[in-house]
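Open the model in your viewer and keep the selection panel handy.

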Amino acid sequence: MNRPDSHSELPSDPDAAARSNRPLHLRPSSVAWVFAGGVVGTALRYYGETVLPHDGAAWPWATFLINLAGAFVLGALLEALARLGDDSGWRLRARLCAGTGGCGAFTTYSTFALEAVLLTRHGHLGTAIAYGLVSVVGGLVTAWLGIVASSAVHRRRARS
């Protein structure tokens, strides 16, 4: 005679509990979502950099605009996901893919720093300092604008 399992709270596969308790960065599915978003973000950044190449002497428009756009998108995305519920399921996957992978690969601190150094090396110290300050302040402002825009969309939908 089959008795009911008296330990139904335990997983049937002992390794299943270990897999679900792994840190996020050690879960293959999480890494795959970040990678997928990173492929798209990198391709978009590459395209932007080819459309507006930087020669080391003028304002680096491509990186500047890419970083501002990425800050806006990341602010809007994270605000929207936070308002939709806890960081699990499809929201977690969206954050990993579009936020960490996509925006992380699309925006670039290393290129921003390199371009500031190149401006300085080419004798454009004032432009390099302005580029650094405007990029950082602009990134903060556009991230905030993304949060505000996403919040406004959420409030508008809640009223409907």
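Start by selecting H5 and H6: H5 passes H6 in a left-handed crossing, meaning that the near helix is turned anticlockwise from the far one by less than a right angle (clockwise would be right-handed). Helices here are DSSP runs of H or I with at least four residues, strands are E runs of at least two, and both are numbered from the N terminus.

Before going further, note that this is a predicted model, where local features need pLDDT of at least 70 and side-chain atom pairs count only at pLDDT 80 or more, while totals for chains, interfaces and linings use all residues. Residues are numbered from 1 along each chain as its sequence is written, and side-chain values use heavy atoms, with hydrogens and water left out.

**H5 against H6**

The axes of H5 and H6 come within 7 Å and cross at roughly 160°. Axes are lines fitted to C-alpha atoms, for helices over the stretch in contact, and angles run from 0 to 180 degrees between N-to-C directions.

To see the contact (heavy atoms within 4.5 Å), select Phe112, Glu115, Ala116, Leu119 and Thr120 on H5, then Leu125, Thr127, Ala128, Tyr131, Gly132, Ser135 and Val136 on H6. Colour by class and you get 7 nonpolar, 4 polar and 1 charged residues. Here Ala, Val, Leu, Ile, Met, Phe, Trp, Tyr, Cys and Pro count as nonpolar, Asp, Glu, Lys and Arg as charged, and the others, Gly among them, as polar.

**Along H6**

Now show residues 125-159, the 35 residues of H6. At 1.5 Å a residue, H6 should span 51 Å, and its end C-alpha atoms are 50 Å apart, which agrees; the expected span is 1.5 Å times one less than the number of residues.

Which residues of H6 are buried? They are Ala128, Tyr131, Gly132, Ser135, Gly138, Gly139, Thr142, Gly146, Ser150 and Ser151. Buried means under 20% relative accessible area, exposed over 50%, and partly exposed in between (1.4 Å probe, protein chains only). These buried residues pack against H3 (61-84) and H5 (109-121).

**A stop at leucine 118**

Back on H5, pick leucine 118. Leucine 118 counts as partly exposed because its relative accessibility is 24%. Draw a distance to glycine 56: the two C-alpha atoms are 5.2 Å apart, although 62 residues separate them along the chain.

**H3 and its partners**

Select H3 with H4 (residues 89-106). Their axes lie 10 Å apart at an angle of about 170°, which means that H3 is roughly antiparallel to H4. The contact includes Leu74, Leu77 and Leu81 of H3, and Trp90, Arg91 and Phe106 of H4. Its residues divide into 13 nonpolar, 2 polar and 2 charged.

Zoom in on arginine 91: is this side chain's residue buried or exposed? Arginine 91 is buried, at 14% relative accessible area. Leaving aside neighbours within four places in sequence, arginine 91 touches Leu81, Leu84, Gly85 and Asp86.

Highlight Arg45, Gly48 and Glu49 of H2 with Ala62, Thr63 and Ile66 of H3.

**Zooming out**

Show everything: the protein has 6 helices and 0 strands. Of its 160 residues, 28% count as buried.

Technical notes
Parallel < 35°, antiparallel > 145°, perpendicular 65-115°, else oblique.
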